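Hi everyone, thanks for making time.

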Amino acid sequence: MSMVKEELGLRERKKLRTKNALVDAALELFFSKGFEATTVEEIAAAVEISPRTFFRYFAGKEDVALSQFAELDEFCIAALAQRPADEPPVAATRTAYLAMFDHIAAFDGGPARYSATHRLISQTPTLFARWLSTSAVSERRLAEVIATRQGVSAAEDIRCRLLIRVLCASARLGMEVACQRGYSTLDELRAQVIESMDLGIAGLPAAWSSSGERW
């Protein structure tokens with residue numbers, strides 16, 4: 001049993017199993033029928049629950065499709081907030097972002113579910129647009145964390161948003177390249193994301209990586 005499972009109570013594990021079952025059923029239907037052609041009723045029926053129960057977990061089929069990415073955004077924000085206060089902002093952000101891959105691997109079926117979601121997003125314009133929109137919100141929140149760590153205002157100090165934009169855009173490019181190359185393992189995806197992020201980081205001021213002092 002993984003550490004993640006040990007930390008969850010019986011009720012939480014049951015809810016997580018149902019939630020993951022809905023995601024897996026939805027992904028299978030999305031790939032077999034197409035995202036637009038799949039209904040909430042079909043997803044619920046595949047897991048043998050009612051549509052009403054479905055809506056206790058998700059607001060709609062876009063939310064079920066993007067659920068793992070939404071959870072990972074929350075994980076990354078929390079991970080960044082927990083990094084040591086004296087850690088340079090670039091290193092803190094990079095470490096928090098890459099920790100998501102270990103988080104994915106900690107769950108049964110996590111890597112396969114993530115890969116399927118990633119492929120679905122890349123093939124579905126509606127979901128891709130929604131993902132970019134939600135990513136923008138998460139990036140603003142990450143910038144706020146950086147601002148708090150650095151003792152500045154994210155609204156007034158452009159460096160907070162620039163740092164997050166560069167690293168997140170670099171990571172997305174790494175995911176895009178990995179998807180185009182047909183990655184088969186989470187380690188392959190992680191390696192491509194690292195390569196892309198580090199190239200993006202190379203264009204940032206060296207002080208952001210080498211100094212833990214406040215801006």
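Let's start with overall size. For 215 residues, a compact globule would have a radius of gyration near 17 Å, and the protein chain has 18 Å, which agrees. That radius is taken over C-alpha atoms, and the globule rule is 2.2 Å times the number of residues to the power 0.38.

Some housekeeping. This is a predicted model, where local features need pLDDT of at least 70, side-chain atom pairs count only at pLDDT 80 or more, and totals for chains, interfaces and linings use all residues. Residues are numbered from 1 along each chain as its sequence is written, and side-chain values use heavy atoms, with hydrogens and water left out.

What is the protein chain built from? It has twelve helices and zero strands (DSSP runs numbered from the N terminus: helices are H or I, at least four residues; strands are E, at least two).

Now a bit from the records. An unreviewed UniProt entry annotates residues 39–58 as "DNA-binding region"; positions follow the numbering used here, feature names are shortened, and annotations may be inferred rather than shown by experiment. That stretch is 70% helix and 0% strand, with its end C-alpha atoms 13 Å apart.

How many disulfides does the structure hold? For Cys 76, the nearest cysteine sulfur, that of Cys 168, is 6.6 Å away. Cys 76 is buried, at 5% relative accessible area (buried means under 20%, exposed over 50%, partly exposed in between, with a 1.4 Å probe and protein chains only).

Conventions:
Disulfide = S-S within 2.5 Å.
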